[in-house]
Every structure is written in C-alpha cells, then in structure tokens.
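Please have a look at the sequence and the model before I go on.

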Amino acid sequence: MKTHDLKLSVEFCDAVLSGEKTFEVRKNDRGFQTGDLIRFIPTDGKSYHSLNGTVIEHAKHEISGHTYKITYILNGWGIKNGYVVLGIKEYRQTEEV
C-alpha cells in the first residue's frame, strides 16, 4: 500500500469532499493499486510564497486534511491508454486498509 500526494484543482475539491465526486481520472504513472491512499493537494494554478520564502503551488482548502482510499481501478473500456479511472472514498484512520 502506497500513499500518493496528488494535486487537485480547487474547482473539484468541494465535490470530492462532499462525496458527490467518487472518482478521479489520472495518468497511471504511479502504479496505482486498489487499497492505496490519496492525499489531495488543492491547487488553483497560482504560486505562493511561504513565510520562509519557499514557493508553493497549493491553495488552501479543507480537503487537505482528508485522505481517500482507492476502491476500484478501471482501465481499457474506452479509457485512453496509460490512464485510469480511480474509484475513491474517504478513508478514516480507524478503518482497516
């Protein structure tokens, strides 16, 4: 089991957080597996400077404090080669992986 930190456009953060969006389409360049965890990093395409001057690319959104579990992986079936659709649900620390 791996934990993946993935950027997510802020326009999708509310839908994922509410459970309305239960999937994510991604290039399969990380070897995603069922049971892996995802932490989303909200991004709005802008760069920000932290207090120590480091450039960061993430925006502030409540989704940053949540973790999601990959429950299903779909490839083929009209999905572009090299891409996958990940079924996701919120993961709570008390759950078994």
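How many salt bridges does the structure hold? The structure holds four of them, where a salt bridge is a side-chain nitrogen of Lys or Arg within 4 Å of a carboxyl oxygen of Asp or Glu.

Before the details, a word on how to read this: it is a predicted model, in which local features need pLDDT of at least 70 and side-chain atom pairs count only at pLDDT 80 or more, while totals for chains, interfaces and linings use all residues. Residues are numbered from 1 along each chain as its sequence is written, and side-chain values use heavy atoms, with hydrogens and water left out.

Let me begin with Asp5 and Arg39, whose side chains form a salt bridge at 2.7 Å, N to O. This pair links distant parts of the chain, 34 residues apart, with Asp5 in strand 1 (residues 3–9) and Arg39 in strand 3 (residues 37–43); strands here are DSSP runs of E, at least two residues, numbered from the N terminus. Asp5, at 35% relative accessibility, is partly exposed, and so is Arg39, at 38%; buried means under 20% relative accessible area, exposed over 50%, and partly exposed in between, with a 1.4 Å probe and protein chains only.

Now to Lys21, Glu24 and Arg26, which are linked in a network of salt bridges. The closest N and O atoms of Lys21 and Glu24 lie 2.5 Å apart, and Glu24 also meets Arg26, at 3.1 Å, N to O. Are these residues buried or exposed? Lys21 is buried at 12%, Glu24 is buried at 7%, and Arg26 is buried at 17% relative accessible area.

Conventions
Helices (H or I, at least four residues) and strands (E, at least two) are DSSP runs, numbered from the N terminus.
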